[in-house]
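I opened the notebook to record a few look-ups. The entries follow in the order I made them.

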Amino acid sequence: MISLPKLTASCLAGLLLSGTVDGQVLAAEGLDRLRDSHVLSLGYVEGFAPFSSGSEQAPQGYAVELCNAVAEYLRQLPAMADLQVRWRALPEAQGLAAVAAGDIDLLCTPMVETISRRGAADFSIPVFTSGLAVLVRRDAPDTLLGPLSGRSGDNGPRWRATINAGLSKHSFAVLRGSLSSRWVQARIRQLGLQSTLEEVSTYEEGVRRVAERKVDAFFADRVILLALQARQAEREQLVVPDRLFAMSRVALPVRRGDDAFRLLVDSALSKVLSGAQGEALFARYLGPLSDQDRLLQGLYPLPD
């Protein structure tokens, strides 16, 4: 169980100015609503394993576990012990809109925080690092897997020539009109590769083409690739290497303008993401932590 730090009168003053928590401010900015309704509304994007999936009666996933930790944290507040959780499954296109409209308090599917999205919602501390990654078959030749995974012997001309030989004459897929499409096209030109680049209409099509050996690799956002890999019958034959060609942190969208609620969300997430508990949760849904995962995981929690 996550322990709630004891709050004293002397440390409760000046939430927004001093960074500590004031009980009256908490009430004014949303906790009275939760105490009155005894309901915490949590949304999630369905079919987005390993982050969020399952029915409204039994949702599951890495981000769902994080939100359960938030609910448990809130239950330790005065008059909140009987707080109930109401889950709502949402299509991906409606997740952020539901937060913005106040239909849910917290979206339990991570998103990249952008300027435009911040106009609709606030965001928690980061809970995962995503960015441009690649999906490839496990049985791909090492001359392809090595460069895509970031494995190298040195940075000299011979190694660069090996990369070019390994990547050349392979076929890659990207989502039509996406940032990944422009990045891959530029990279192919930069390295002078004799490679085939196919643009697909949907993420699902890109993953399917790799699974069916119609292309050698598919470039897209890491969070999306992991979610789609988990859905495939051939998921054990597919792999998303740790390497990120471009990096972005993802977080949980929360109701905009409720700084006190967001502070409590961040406090709960900082507890559950820390140390051995955080690593065990990560491993349960996302597999063993690489050195990179462990390093990034240590950057998310905020100290008390």
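I took two strands as paired if DSSP finds at least two bridges between them. Strands here are DSSP runs (E, at least two residues), numbered from the N terminus.

This is a predicted model, where local features need pLDDT of at least 70, side-chain atom pairs count only at pLDDT 80 or more, and totals for chains, interfaces and linings use all residues. Residues are numbered from 1 along each chain as its sequence is written, and side-chain values use heavy atoms, with hydrogens and water left out.

Entry on strand 1. I looked up its partners and found seven bridges to strand 4 (residues 84-90), running parallel. Tyrosine 44 has alanine 89 as its bridge partner in strand 4. Two bridges join strand 1 to strand 5 (residues 106-107), also parallel, and leucine 42 stands opposite leucine 106 there.

Entry on rings. I searched the whole structure and found seven aromatic pairs (ring centres of Phe, Tyr or the six-membered ring of Trp within 6.5 Å; planes under 30 degrees apart are stacked, over 60 edge-to-face, the rest tilted). Tyrosine 44 and tryptophan 87 form an edge-to-face pair, 5.9 Å centre to centre with 75° between the planes. The pair links strand 1 and strand 4, 43 residues apart. Both tyrosine 44 and tryptophan 87 are buried.

Definitions and conventions. Helices (H or I, at least four residues) and strands (E, at least two) are DSSP runs, numbered from the N terminus. Buried means under 20% relative accessible area, exposed over 50%, partly exposed in between (1.4 Å probe, protein chains only).
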